[in-house]
Number of protein chains: 2
Amino acid sequence: MVQPSAQPLRIPGGPVSAAPTVYDVAQRSGVSIATVSRVYRNPDSVRRETRDRVLATARELGYVPSANARGLASRSTGVLGLCFPDYADPDAEAGAEASDDDDAAMLYSDQIIRGMERAARRHGYALLIAASLNGGPASLVSKVAGRVDGFAVLARTVPTEDLEVISRRLPVVILAGPREIDHLDHIEVANADGQRELTRHLIEDHGLRRLAFVGSEESSPDVEARFRGYREACLAAGVPVPAEPDHRASLMTQTEGDRAVDVLLDRAGEPPRALVFANDQMAVGALRALERRGVRVPADMAVTGFDGIPLSRLVRPALTTVRQPTVRMGEEAVGLLAQRLADRTREPVSLMLPVTPVRRASCGCG
Amino acid sequence: MVQPSAQPLRIPGGPVSAAPTVYDVAQRSGVSIATVSRVYRNPDSVRRETRDRVLATARELGYVPSANARGLASRSTGVLGLCFPDYADPDAEAGAEASDDDDAAMLYSDQIIRGMERAARRHGYALLIAASLNGGPASLVSKVAGRVDGFAVLARTVPTEDLEVISRRLPVVILAGPREIDHLDHIEVANADGQRELTRHLIEDHGLRRLAFVGSEESSPDVEARFRGYREACLAAGVPVPAEPDHRASLMTQTEGDRAVDVLLDRAGEPPRALVFANDQMAVGALRALERRGVRVPADMAVTGFDGIPLSRLVRPALTTVRQPTVRMGEEAVGLLAQRLADRTREPVSLMLPVTPVRRASCGCG
DNA sequence: CTGAAAGCGCTAACAC
DNA sequence: GTGTTAGCGCTTTCAG
């Protein structure tokens, strides 16, 4: 049987010809492009017979609807986005290679991706993820923003000014960190609460009263909040309340945690009995430094971190820390986006998610 | 200062007016739309002065380029995709909630996402991820395929027929499983090698000669390959070679692993000394069942799994298994896609990635 | 270096 | 049920 109008069929694997469009399918199956469109968008609105014919030719031609054209015409994509910074702690990567497997390198962002992916799936959305890499005028932003119905941004990934502009066009939710723009939806975690509770535990349950807090040089709202919680616990327990962290690391990496130990223990005066780090990475580095110096943990020195990264459980002694609800953050983010997509006039929401202290060996528990 | 032509500026947070387009920016900054376009695509081709003016109005208007329109016009998106089945082992989810944290629920697909995300980032692509949920005629496919420059599919996620059609239009790489379509790029893991080595270890290093293999009812190429490796090891060691798995579970879940133990141990004849499961989930379930029955692992019974999921390390005794290079699979997938995008005429590639046996307590090691 | 004009492939009213 | 007709917002020659 000879094909009426040309449109030569292709041999799979051969060079690719121009992709067939609704027009090709329509012409070949003897209907209008509108009908072809309907077959894909709302199958029931087309007579069964017609539909089958269209689907058959589509298949025959290798027709794949262009989501771009679709999005352009319908102004919606069915995709949610996530932008985050290019976290790449060289220490972490190195540690992972040496480690038993890949899990140690699981990052904060990976967990959020997991949460968002699951939630997005439930809501019928796909997820577009992009890490900032710095490019042209509106690189990351234009890459994601123009392609999704709404998206989440990890704090400080996108310049506030850009966010301001974009958020005028589509729903954006800010994750972690402070609410940079007050009319946006926002999700943060109870940093202060977590650090306060952990510190209280050290002081009251373990009877430690000489503590040292290690923060970061760079001002970070998260770290500040944690320090605040630390101070509150000291205050409540009648322990001297420091005005400043005992040490500020230049980066919150393992190497810097290691260095912090040297700084703190070589300082004049009586050394602390507990090292409270603002994140797990530094605490892990500290564990190594202490071992090297022959300081026993937790017998001679308690150590705590913050975040609850997988690595915290793998090190010996296992690290006492405060776990952030990362997966849940991702889920909540999708929830907020979905809600705002449904009602743009809704009042901006700010969620504070609870954290959970995890007591392990490094503080003397377990 | 009064604005010349209307285009009212908006108050952040207020109701959203129609999004500004190149036309708005062009008109307002006194250039043509072509120039606006150039400013974003190739900044150097526009006089600095003009460019700054355009960028300024763009910002003022809250202009965000539409990636859809861009993709439509330029036929490329800068996005790679990943499709995978909606793995949702109820057992795993439940276990995770009870567990210390979220890591236990890290799935195979999550690891691959990690690998692809990192690699995509390095190659300058964003990643679109979508789990199959079954929808209209070409649901998953049309959602992803029309939106990306190329994508990876976890075996059996998309009907082979659909894949056949789509792969005529854009690069596709098949992950794991058999190469359903022989002219596509393909990545698989050395299932047989891994299982053979693990089995050899059980027989030669631990002196076990009465083993039982648990596969799946549903025919799965991965499981078949693992069983093949198992048989090869038996053959090489002079142990009786079974024609069929000793048991086939209906699903490869924890519950079924539990059931398998009952079936195997309540069978007439001498019970096995080692249980070799085709995946970790079942092995974990078996561990629980054995404990309940008072069978000591590994003293009375060795147990092994396959996959190397995080949970395998968390259970007690820790599970001996074979780790799949999941993250690397994701990375390689991006690599293959990037290469094919650069040269469509390239010969199809099939990669076989090595796996690594992980000896832990459940087989008598560690 | 900049502008004009022709699409890219699809959806969405609105007729028939 | 199905066809017609406009765009959606941007890129891309081709002129100037």
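This is a predicted model: local features need pLDDT of at least 70, side-chain atom pairs count only at pLDDT 80 or more; totals for chains, interfaces and linings use all residues.
Residues are numbered from 1 along each chain as its sequence is written, and chains are lettered from A and ligands numbered from 1 in the order in which they are written. Helices (H or I, at least four residues) and strands (E, at least two) are DSSP runs, numbered from the N terminus.

Helix α3 of chain A comprises the 14 residues 48-61. The buried residues of α3(A) are T50(A), R51(A), V54(A), T57(A), A58(A) and L61(A). The buried residues of α3(A) pack against α1 (22-29) and α2 (33-41) of chain A, where contact means heavy atoms within 4.5 Å. G62(A), with a positive phi near 80°, follows α3(A).

Helix α13 of chain A (residues 310-314) contains S312(A). With a relative accessibility of 1%, S312(A) counts as buried. Its side chain reaches the backbone oxygen of I309(A) at 2.6 Å, a polar contact being a pair of N or O atoms within 3.5 Å; within protein, one must be able to donate a hydrogen and the other to accept it, and residues adjacent in sequence count only if both atoms are side-chain atoms. When residues up to four places away in sequence are not counted, S312(A) touches D280(A), A318(A), L319(A), T321(A) and R360(A).

In chain B, four strands form an open sheet in the order β7-β6-β8-β9, with parallel pairing. Strands β7 (247-249) and β9 (302-304) of chain B stand at the edges with a single partner strand each, so one side of each has no neighbour in the sheet. The twist averages 20° from one strand to the next. Two strands pair if DSSP finds at least two bridges between them; β8(B) (residues 274-277) and β9(B), which run parallel, are joined by three bridges. Within this pair, L275(B) stands opposite V303(B) of β9(B). Helix α9 of chain B (residues 191-205) packs on the sheet, touching β6 (211-216), β8 and β9 of chain B, and its direction makes about 175° with that of β8(B). Axes are lines fitted to C-alpha atoms, for helices over the stretch in contact, and angles run from 0 to 180 degrees between N-to-C directions.

Most residues other than glycine have a negative phi, and most peptide bonds are trans. In chain A, a cis peptide bond with omega about 5° joins V297(A) and P298(A), and P298(A) is placed in the loop between α12 (280-293) and β9 (302-304). In chain B, the peptide bond from R316(B) to P317(B) is cis, with omega near -5°. Although not a glycine, A176(A) has a positive phi of about 60°; A176(A) lies in the loop between β4 (172-175) and β5 (185-189) of chain A and is buried, with a relative accessible area of 8%.

Methods:
Side-chain values use heavy atoms; hydrogens and water are left out. The expected span of a helix is 1.5 Å times one less than its number of residues. Buried means under 20% relative accessible area, exposed over 50%, partly exposed in between (1.4 Å probe, protein chains only).
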